[in-house]
Amino acid sequence: MSHKAGFVNIIGNPNVGKSTLMNAFVGERLSIITSKAQTTRHRILGIVNGEDFQLILSDTPGIIKPAYEMQESMMNFVKSAFEDADILVYMVEIGEQDLKDEAFFNKIIHAKIPVLLLLNKIDNSNQEQLEEQVAFWTAKVPNAEIFPISALQNFNVPEVFTRIIDLLPESPAYYPKDQLTDKPERFFVNETIREKILLNYSKEIPYAVEIVTEEFFEDEKIIRIRSIIMVERETQKGIIIGHKGAALKKVGTDARADLEKFFGKQIHIELVVKVNKNWRSNANMLKRFGYNQ
């Protein structure tokens, strides 16, 4: 029996459902899913294994016009997604017209590999609007196969998955067949804590935060974690901690619940807030946090 394997890279504007789609394919919550834009900051690989295939999915940050150094680095992750893809998945949502970067759009319409255009969130539309959108994107990206989907409701997602498997090139597996992702445990701890901050705080606070897990000790029954929440200003530190530490305690409680499900073990988590001024524009800090690689 022949074996297929390949890299499928998911790109699109912020908040169109890329992470939701990848998590639906992989069956685990590998990527942050919130209603806020720019929740994914890195390329996250999710690996789906079958008896005769291995699908390596890459969820990338939403395409934006960078405003500071960290966002420049995020867009470099998107650029790299064009370089190693065997199949490109371009996600848009109902009512959307264009990518926020024309250069990326030109790469899509001139791609030499299969392109699947997924028109997401169709549960928010009617039949007339859906037909108009399909016609619009058929003209706009003539090299793409178009699939109307709802990633959240899992509508048409199995059909897209089947088509991707059909398009995979013949190849041996790139990763061990029991591997779920290329990221270490601490990465998912960081992302889970960051997700809770995105959900519990408003305005600029979530985007000025980075998480560093300094300790991750695992034994048979419990994992002990100590993570630093990095902010840019003292005022942000006060907001993160909240009155008598209540806000920070809620982040820890929410994160612990998700991490216990993810790892299947009891979690003890300690959170500490530190100020690191203007870290988003500091090349050394960005390298330490895994942005400039």
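Predicted model: local features only at pLDDT ≥ 70, side-chain atom pairs only at ≥ 80, totals over all residues.
Start with the whole protein chain shown as a surface.

Now colour the chain by burial. Of its 293 residues, 51% count as buried. Switch to cartoon view. Next, consider the contacts between residues at least 6 apart in sequence. Of these, 72% join residues at least 24 apart.

**Stop 1: a buried glutamine**

Select residues 53–59. This is strand β3, and Q54 sits in it. Is Q54 buried or exposed? Its relative accessibility is 0%, so Q54 counts as buried, the cut-off being under 20%. Show the side chain of Q54 and the backbone of Y175. A polar atom of the Q54 side chain lies 2.8 Å from the backbone oxygen of Y175.

**Stop 2: the three-stranded sheet**

Select β7, β8 and β9. These three strands make an open sheet, in the order β7-β8-β9, with mixed pairing. At the edges are β7 (210–218) and β9 (266–275), each pairing on one side only. From one strand to the next, the twist averages 15 degrees.

Strands of a sheet pair through backbone hydrogen bonds, in either a parallel or an antiparallel sense. Which sense joins β8 and β9? Select residues 222–231 for β8 and look along its pairing with β9. The two strands run parallel, over ten bridges. V272, in β9, is the bridge partner of I228.

**Stop 3: helices on the sheet**

**Stop 4: where α7 meets α8**

Select residues 234–241 for α7 and residues 246–263 for α8. Two packed helices are described by the angle between their axes and the distance between those axes. For α7 and α8, the angle is about 65 degrees and the axes are 5 Å apart.

Which residues make the contact? Show side chains for I239, I240 and I241 on α7, and for A246, A247 and L248 on α8. By class, this contact has six nonpolar residues, with no polar and no charged ones.

Key. Residues numbered from 1 in each chain as written. Heavy atoms only, no water. Axes fitted to C-alpha atoms, helices over the stretch in contact; angles between N-to-C directions. Helix = DSSP H or I, 4+ residues; strand = E, 2+ residues; numbered from the N terminus. Contact = heavy atoms within 4.5 Å. Nonpolar A, V, L, I, M, F, W, Y, C, P; charged D, E, K, R; others polar. Buried < 20%, exposed > 50% of the residue type's maximum accessible area, 1.4 Å probe, protein only. Polar contact = N/O pair within 3.5 Å; in protein donor to acceptor, adjacent residues only side chain to side chain. Pairing = 2+ DSSP bridges.
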